[in-house]
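Dear colleague,

Please find below the structure that I am handing over to you, with its sequence. My findings follow it.

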Amino acid sequence: MITRDVKIRVRYGEVDQMGFLYHSHYVEYYDVARTEMIRMLGTSNYELEETGIMLPVTNVTINYKNPAYYDDLLTVRVSLKEMPTVKMTFYFEVFRPNGELINTGSVTLAFMNAETKRACRPPKYFMDILERNQDPQ
């Protein structure tokens with residue numbers, strides 16, 4: 001439905017003793033890619049929060065295939081494959097500079113009314129943005 005690529009360089013402080021990108025940083029990279037995708041579409045997490053919507057994470061999956069190394073310029077491909085309801089799931093593929101797929105995963109977030117702390121539907125303006133930005137089939 002919607003796919004964007006975000007470049008992230010592995011910093012020295014993110015690698016472990018083996019010289020590999022430490023496993024937990026992939027989730028941070030997912031967050032950066034998701035946030036940047038939303039920004040590329042024409043809105044932001046901040047704007048969603050200003051409308052009274054919070055997006056707590058309800059599920060994370062991650063699959064490690066091969067390591068990333070210090071100073072690799074990774075491509076994090078983030079996809080939103082279906083229109084959100086009260087939840088939305090982003091899918092991730094992480095590629096090394098040579099195009100090798102090294103990691104896959106997903107993050108599911110729930111739309112939550114900030115005041116009531118209850119699940120809710122996404123705001124109409126957000127759904128309109130997603131509709132306008134769907135990738136051509």
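In this predicted model, the 17 residues of α1 should span 24 Å at 1.5 Å a residue, and the end C-alpha atoms of α1 are 24 Å apart, which agrees. The expected span is 1.5 Å times one less than the number of residues. Helices (H or I, at least four residues) and strands (E, at least two) are DSSP runs, numbered from the N terminus.

Residues are numbered from 1 along each chain as its sequence is written. Local features need pLDDT of at least 70 and side-chain atom pairs count only at pLDDT 80 or more, while totals for chains, interfaces and linings use all residues; side-chain values use heavy atoms, leaving out hydrogens and water.

The buried residues of α1 include His-25, Tyr-29, Tyr-30, Ala-33, Met-37 and Leu-41. Here buried means under 20% relative accessible area, exposed over 50% and partly exposed in between, with a 1.4 Å probe and protein chains only. Just after α1, Gly-42 takes a positive phi of about 115°.

In helix α3 (residues 124-132), the buried residues are Phe-126, Met-127, Ile-129 and Leu-130. They lie on the same side of α3, because they cover an arc of only 155° around the axis, taken from the directions from the helix axis to the C-beta atoms. The exposed residues Lys-124 and Arg-132 are on the face of α3 turned away from its buried side. Among the elements that cover the buried residues of α3 are β1 (2-9), α2 (45-50) and β4 (73-80).

The largest nonpolar core has 35 residues, of which Leu-74, Leu-80, Phe-90, Phe-92 and Leu-130 touch the most other members. Such a core is a set of buried Ala, Val, Leu, Ile, Met, Phe, Trp, Tyr and Cys residues joined through side-chain atoms within 4.5 Å. Its largest share, seven residues, comes from α1. Phe-92 also has contacts (heavy atoms within 4.5 Å) with residues including Tyr-30, Ala-33, Val-76 and Val-107, not counting residues up to four places away in sequence.

Strand β6 is largely enclosed by the rest of the structure, because nine of its 10 residues are buried. Strands count as paired if DSSP finds at least two bridges between them. β6 pairs in the antiparallel sense with β3 (residues 57-64) over seven bridges, and with β5, also antiparallel, over nine bridges. In β6, Ser-106 is the bridge partner of Thr-61, and Val-107 that of Phe-90.

Yours sincerely
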